[in-house]
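This report goes through a predicted model.

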Amino acid sequence: MACLSPSQLQKFQEDGFLVLEGFLSSDECVAMQQRIGELVADMDVPLHCRTIFSTQEEQLKILDSRDYFWNSGDKIRFFFEKGVFDEKGNFLVPPEKSINKIGHALHARDPVFRSVTHSPKVQALARSLGLQMPVVVQSMYIFKQPHLGGEVTPHQDATFLYTEPLGRLLGIWIALEDATLENGCLWFIPGSHTSGVSRRLIRAPGGSVPVTSFLGSEPAWENSLFVPTPVRRGALILIHGEVVHKSEQNLSDRSRHAYTFHLMEALGTVWSPENWLQPTAELPFPPLYT
C-alpha cells in the first residue's frame, strides 16, 4: 500500500511537494491513455465552445463569455492549445494533437478515471497524510503536446481553489509518460507553501461581467528558486495547495501526458463560495473514501 514513511511525510511538510516514483504500473498508465484516446476519438465539441485554455489573464478575459469552461466542474469537457484553430474554429492540426487538457470531472464521470482516483493506493496515501474526510473537487487529463504544449506560469493551486482555513487542498499529479526537462516537467520552489496565497481568482456574483477577476498579484518569482522535478512514467507527485510551481513549454517531439486531481479535507473546511468551480446538485464533491 502507498503509505508514506515518517521521513517522506517530513519532506512533504518541509518542501510542499513529494515525488513517489512507481506509484502506478505501466499497465495502469496505458489503460488511462487508451481510455483518453477513446474519449478524444468520440469528442464532439461545438464550434462556439472551442476554448483555448491558458492561465494567463488575457485568456481569462476571452473565457469570460464562455460558459463551456465555467460550467465544466461536473462534466467532461475539452480545452485546446493556442494556434490550433482557424478563424472559423476549424482544426489546423489533427484534433488529437490539438488538446491542452480534458476536465474537470473525469474522476466522477468516467469509470476508468473514477477507479484510479478512488483506488486503494490513493486512499491509503490520503490516510497516511492524515486526511479524515477528503473529497475530490476536480480532475484533469493534461496532454502537453509535442512542440505545442504551452508553458504554465508560476502559480499556487489555492489561487484557483481557495479554502478557509488554508492548507486543506492537495494536488495529486500522476505522470502517464516520462516528464523530462525537454518535454515540460514540473518545477517547484521548495518551502514556498508556508507564506499564504499571493492572489486569488474570484468569480463574480451570478450574471456579472466580467465573470472573474484576480485579487492580489503574483510576485515575480526568482527563476533560480525553482527546482526541476523530472519523473518517470507511473510516478505520483503530491502538491501542497500553496506551493509555487510551473512547467515550461514542451519543445520536444514527445508528449507529456499526466492525470491530476485535487483533494480537499472537508472536515472543518469551508470551500470558498467565490471559487470559479463549485459543487453542483448533480455532482456534489464525492468523498474519496468509498
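## An enclosed strand

Strand β7 (residues 169-175) is largely enclosed by the rest of the structure, because 7 of its 7 residues are buried. Burial applies to both faces of β7: on one side lie Leu 169, Gly 171, Trp 173 and Ala 175, and on the other Leu 170, Ile 172 and Ile 174.

Two strands pair with β7. Strand β14 (residues 258-265) runs antiparallel to β7 and is joined to it by 7 bridges; within this pairing, Trp 173 stands opposite Thr 260 of β14. Strand β12 (residues 236-240) is also antiparallel to β7, with 5 bridges between them. Here Ile 174 has Leu 236 of β12 as its bridge partner.

## The sheet

These strands belong to an open sheet of 7 strands, ordered β1-β12-β7-β14-β4-β3-β2, with antiparallel pairing. At the edges are β1 (17-20) and β2 (76-80), each of which pairs on one side only. Ignoring direction, neighbouring strands of the sheet are turned against each other by 20° on average.

Elsewhere in the sheet, strand β3 (residues 99-104) and strand β4 (residues 134-142) are linked by 4 bridges in the antiparallel sense. Ile 102 is bridged to Tyr 141 in β4.

## Helices against the sheet

Helix α1 (residues 6-15) packs on the sheet and touches β1, β7 and β12. The direction of α1 makes about 140° with that of β1.

Helix α7 (residues 120-128) has as its buried residues Val 122, Gln 123, Ala 124, Leu 125, Ala 126 and Ser 128. The elements covering them include the helices α1 and α6 (111-117) and the strands β1, β7, β12 and β14. Just after α7, Gly 130 adopts a positive phi of about 85°.

## Nonpolar cores

The largest nonpolar core comprises 58 residues, and Ile 102, Leu 125, Ile 172 and Leu 238 have the most contacts inside it. Helix α2 (residues 26-42) gives the most to this core, namely 5 residues. A second, separate core has 17 residues, among them Ala 175, Ala 179, Trp 187 and Val 244.

Beyond its neighbours within four places in sequence, Leu 238 is in contact with Leu 4, Phe 12, Gly 16, Phe 17, Leu 18, Leu 125, Leu 129, Leu 170, Gly 171 and Ile 172. Two of these contacts, Leu 125 and Ile 172, are listed with Leu 238 among the core residues with the most contacts. Leu 125 is also one of the buried residues of α7, while Ile 172 lies on a buried face of β7.

## Aromatic rings and charges over them

With ring centres required to lie within 6.5 Å, the count comes to 10 aromatic pairs. One of them joins Phe 80 and Phe 85 edge-to-face, at 5.0 Å centre to centre and with 70° between the planes. Both Phe 80 and Phe 85 are buried. Ring pairs also link Phe 113, Tyr 141, Phe 143, Tyr 259 and Phe 261 into a cluster; Tyr 141 is the residue of β4 that bridges to Ile 102.

Two lysines are placed over phenylalanine rings. The charged end of Lys 101 is 5.5 Å from the centre of the Phe 79 ring and sits over that ring. Lys 246 lies over the face of Phe 226, at 4.5 Å from the ring centre.

Methods. Residues are numbered from 1 along each chain as its sequence is written. This is a predicted model: local features need pLDDT of at least 70, side-chain atom pairs count only at pLDDT 80 or more; totals for chains, interfaces and linings use all residues. Side-chain values use heavy atoms; hydrogens and water are left out. Rings of Phe, Tyr and Trp (its six-membered ring) pair if their centres lie within 6.5 Å; planes under 30 degrees apart count as stacked, over 60 as edge-to-face and the rest as tilted. Buried means under 20% relative accessible area, exposed over 50%, partly exposed in between (1.4 Å probe, protein chains only). A charge sits over a ring if NZ of Lys or CZ of Arg is within 6 Å of the ring centre and within 35 degrees of the ring normal. A nonpolar core is a set of buried Ala, Val, Leu, Ile, Met, Phe, Trp, Tyr and Cys residues joined through side-chain atoms within 4.5 Å. Contact means heavy atoms within 4.5 Å. Two strands pair if DSSP finds at least two bridges between them. Axes are lines fitted to C-alpha atoms, for helices over the stretch in contact, and angles run from 0 to 180 degrees between N-to-C directions.
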